[in-house]
Amino acid sequence: MNDLVHDLGRGGAGTAVYHGVLARDTGAWTAAHAAARAMAGQAATVDPSSVGLYRGAPAVAYALDTAGHCAYQSALEELDRKIGPLIAARLSAAGRRVDSGHPPRMREYDLIRGLTGLGAYLLRRRAHPDLLDAVLRYLVRLLQQPVTVEGNSLPGWWTLDGPSGEPDSDWPQGHGNFGMAHGVAGPLALLALCARAGRTVPGQQEALVSACRLLEEWVRPLPTGAAAWPETITANGWVNGPPTRANLGRPSWCYGTPGIARSLQLAALACGRTDTQRQAEDVLLSCVSDARQLERLEDASVCHGWAGVCLAADRAAADAAPGSELPGRLPALRAAFATYVAANALPRDSGLLTGADGILLTIHTLNPTHRVGSGWEACLLLN
C-alpha cells in the first residue's frame, strides 16, 4: 500500500486539491476525477493514532470538499460519519492528558497531525459543530493551562518532543515551538479564524489576547533591521525570557515569520487589537523586504519556500490596516517568486507542502488577473 496516496502534504490528496481547484475555475474535470479515483482505490485509514488533517480519511475528505463537485457528496458524507468518531477519540485522549498535567506530544495538537488540523477541517467542512466547539475548548486549555517540566513552569503547548516530533536527547526538556505547522501559531490562528466565523467558546477571547501578548513579547529585532520570532526554544530559553536580538532564520510559512505574523494578525483582528495588528503587518513587511532573509529560501515550496511566503503575505495584505505598505510589496514579491521558479526545476514529488502541486496551485492562486475563491489554503490556516 502506498501511504502517500492519502497524504495532503506530500502525495495524492494534495494532487487532488490542485486539480480540483483548477477544475472549479475551468470546468474541465477529467484530471480532478482521475485524482479522486486514485484516492478511492485504497481505503483511507481512520485509525485515531495515525490520522490528521494531512493524512488518512481527513486528508481525502478535505481534498474532495475543496473540489466541491456534486459527484463527491456521498463519499464526503460517508467520510464525515467516520471522521467524527476519530476526532472524538483524539479529544478524549487529549483531555485525559491535560487533566494529568503532563506536557503534550507535538502530534496531539499541531496542524499537520493534531487537533488543530482536525479543527481546521471541521471549520471548513461545517460538519460536527459540537466537535469543533470541543476542539476550541481544548485549545483554550492548551494555551491557558501551563505544565511543569523539571520544576519549570512552561506553557501548555510545550512538548517533550524535539523539533522532529519525536523524543530527542538533544532536547531533554522538550521544546517550545512558535511556528504555524507545529507550534503555538497554529492553535492561535484556528481560534482566531473560528472567532471571525462566529464560532466561540468560553475563554476563547482571553486565550487570544494572552497569545497576542506572548507573540508581542517574543518578537525581536534582527541584525538586518527587520524583526522575527524564534522558531524553537529550550526550557532554559523560556525561563530566561526573550533575548535581546533574534537569530536570522529562514522566512518560511511552517516555522518562520510569515506564518507566525499571519497568525498574530488574525488573532488581533478577532480581538480588535489595532496596534497588535499593525505590529504583525509591520514585522511581515520587514521580513518580505529583507534581502538577507529571502536569500535563505532554498526552494519554491509552500512549506518552507517561496510559495508559502507569498501566500502568507498575500492573505495578510488582503486584511491589512489602512495605510499599510504590505499590499504595495506584493508585486515585487510575486516577481521574485516567478523568477525563482523560472530558474529552477519543480520538485518531482507531489503534494501541497513540499511538492509541485502546492507550487503550481500557489502560482494559479496569486495570478493578479483573477482571484481563486475555493479557500483551499484553509489547510495552511492562512484563511
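Predicted model: local features only at pLDDT ≥ 70, side-chain atom pairs only at ≥ 80, totals over all residues.
1. On a 1 Å grid over the protein atoms alone, a pocket is an open set of points with protein on both sides within 12 Å along at least five of seven lines, whereas a cavity is a set of points where a 1.4 Å probe fits but cannot get out; lining residues have an atom within 4 Å of a point. Grid points are joined across faces, edges and corners, and a volume is the space filled by probe spheres set on the points.

2. Residues are numbered from 1 along each chain as its sequence is written, and side-chain values use heavy atoms, with hydrogens and water left out.

3. Which helix gives the most to the lining of the largest pocket? Helix α4 does, with five residues. Both α4 (73-100) and α5 (106-109) supply at least two residues each to this lining. Helices (H or I, at least four residues) and strands (E, at least two) are DSSP runs, numbered from the N terminus.

4. The structure also holds two cavities of 30 Å³ or more. In the largest cavity there is about 50 Å³ of space. Its lining consists of Arg97, Val98, Gly101, Arg141, Leu142, Gln145, Pro146, Val147 and Gly156. Helices α4 and α7 are the elements that give two or more residues to this lining.

5. In soluble globular proteins, nonpolar side chains tend to be buried together. A nonpolar core is a set of buried Ala, Val, Leu, Ile, Met, Phe, Trp, Tyr and Cys residues joined through side-chain atoms within 4.5 Å. Here buried means under 20% relative accessible area, exposed means over 50%, and partly exposed lies in between (1.4 Å probe, protein chains only). The largest nonpolar core has 128 residues, and Leu8, Ile87, Trp253 and Leu380 have the most contacts inside it. Helix α7 (residues 129-144) gives the most to this core, namely 10 residues. A second, separate core has five residues, among them Ala226, Ala228, Ala246 and Leu248.

6. Contact means heavy atoms within 4.5 Å. Setting aside residues up to four places away in sequence, Ile87 touches Leu115, Leu118, Leu122, Leu131 and Val135.

7. Aromatic rings deserve a separate point. Rings of Phe, Tyr and Trp (its six-membered ring) pair if their centres lie within 6.5 Å; planes under 30 degrees apart count as stacked, over 60 as edge-to-face and the rest as tilted. A search of the whole structure finds five such aromatic pairs. In one of them, Trp157 and Phe178 are edge-to-face, at 5.7 Å centre to centre and with 70° between the planes. Trp157 lies in the loop between β2 (152-154) and β3 (176-177) and Phe178 in the loop between β3 and α8 (185-196), so the pair ties together parts that are 21 residues apart in sequence. Both Trp157 and Phe178 are buried.

8. Why is the pair of Trp157 and Trp238 edge-to-face? The ring centres of Trp157 and Trp238 are 6.0 Å apart and their planes stand at 90°, so the pair falls in that class. Because Trp157 lies in the loop between β2 and β3 and Trp238 in helix α10 (residues 235-240), this pair ties together parts that are 81 residues apart in sequence. One aromatic cluster is formed by Trp157, Phe178, Trp218 and Trp238.

9. Met180 is placed in the loop between β3 and α8. Is Met180 buried or exposed? Met180 counts as buried because its relative accessibility is 0%. Apart from residues up to four places away in sequence, Met180 touches several residues, including Leu111, Trp253, Cys254, Ser263 and Leu380.

10. Arg262 belongs to helix α11 (residues 257-271). This arginine, Arg262, is buried, with a relative accessible area of 0%. Leaving aside neighbours within four places in sequence, Arg262 is in contact with Arg315, Ala316, Asp319, Leu382 and Asn383.

11. Ala67 is found in helix α3 (residues 57-67). Ala67 and Trp376 are 309 residues apart along the chain, yet their C-alpha atoms are separated by 8.8 Å.
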